[in-house]
Amino acid sequence: SKRSKKCWWFFFDTWGPISLTVLLYVGIRHFIAEARYIPSGSMTPGLKVNDRLIVEKLSLRKRSPFRGEIVVFNSPYSFDKELIANRQTQLPSKFKCSLITFPLISWITILSDRACDAYIKRVVAVGGDRLFINGKGEIVLNGRSIKEPYVEYFCPSKPEFELCRPISTTVPKGHVFVLGDNRANSWDSRFWPAGGFLPQKEIIGKATWRFWPISRFGKPD
C-alpha cells in the first residue's frame, strides 16, 4: 500500500544514511585503520597519555613486524593461558569486544572487559632472536648491544627491583617480544605469566601517525 511504502521510505530516508555511515566506519575500522589513544605512560617520552594515533592494519597482514616498530595488539588477558585460566567468566567473543570498544559504547565502564582492551608497545625481538634484557631494561639482541634513543626511563639499578629483573630467552617462530619505552613502568612481555611472547596473529596494526595533540603532530618515533 501507499502508506506502507511511505513508512518504508521515511525509515530508509532517516536511518539509511546513519546505518551506511556506521557500516562504513566499522568496515574501515576493522580492515584498514582506526584511531586509538594512549591510556598510560608505558611509552613515554615518545608517546604520552591521551596522545591520539592512527593505527594502520593492512601492512602487517602481508608481512611480519619489524624490530623497532610500535604495534597495537589484543590484550594479554585474551591470549595468555594463565591469565585466561584465572578468569571467573568465559572469554568474550570478538563480536562482543567490537561492541564494547565501539566509540559510542566504550565509555560505559560497566560493560568493559580487560580481555577486550588493546595494548601498545614496541617490538624489540622477532621469531628466532636470542634476547637478553639486563636489570635496567637494556637489550642485547643476538649477542649485540642495542642502542635505543627513544628510551629515556630505564629501571633503577637495584637488584631487588623485581619489575626489571634480567631475562634471557629465545623468541619462538610466529611470535614477537614487546617492551614499553618506559622500561621502569610498563606491563609488557617481561611480565605476562605464561611466557611473555606475543603471537603475531594478536597484532591489530602498527602505529603510523599521531594526529593529536596538534603541537606534536607527526610520525611516532
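A salt bridge is counted where a side-chain nitrogen of Lys or Arg lies within 4 Å of a carboxyl oxygen of Asp or Glu. By this rule, the predicted model holds ten salt bridges. Being a prediction, it is read with cut-offs: local features need pLDDT of at least 70 and side-chain atom pairs pLDDT 80 or more, while totals for chains, interfaces and linings use all residues. Residues are numbered from 1 along each chain as its sequence is written, and side-chain values use heavy atoms, leaving out hydrogens and water.

To get oriented, consider the overall fold. The protein has three helices and eleven strands, taken as DSSP runs numbered from the N terminus (helices H or I, at least four residues; strands E, at least two). From the N terminus on, the order of elements is α-β-β-β-α-α-β-β-β-β-β-β-β-β. Among contacts (heavy atoms within 4.5 Å) with a separation of 6 or more, 68% join residues 24 or more positions apart. Of the 221 residues, 38% are buried; buried means under 20% relative accessible area, exposed over 50%, and partly exposed in between (1.4 Å probe, protein chains only).

Now for the interior. In soluble globular proteins, nonpolar side chains tend to be buried together. A nonpolar core is a set of buried Ala, Val, Leu, Ile, Met, Phe, Trp, Tyr and Cys residues joined through side-chain atoms within 4.5 Å. The largest such core here contains 15 residues, and V71, F73, V176, V178, L198 and I203 touch the most other members. At least two core residues come from each of strand 3 (70-74), strand 4 (118-126) and strand 9 (175-179), with strand 4 giving the most, three residues. Beyond its neighbours within four places in sequence, I203 contacts L60, P65, V71, V72, F73, V176 and L198.

Back to the charged pairs. R210 and D51 form a salt bridge at 3.4 Å, N to O. R210 lies in strand 11 (residues 203-212) and D51 in the loop between strand 1 (33-37) and strand 2 (52-56), so the pair ties together parts that are 159 residues apart in sequence. In another pair, the closest N and O atoms of E69 and R63 are 2.7 Å apart; E69 is buried, at 13% relative accessible area, whereas R63 is partly exposed, at 25%. K136 and E138 also pair, at 3.8 Å, N to O, with K136 partly exposed at 32% and E138 partly exposed at 31%.
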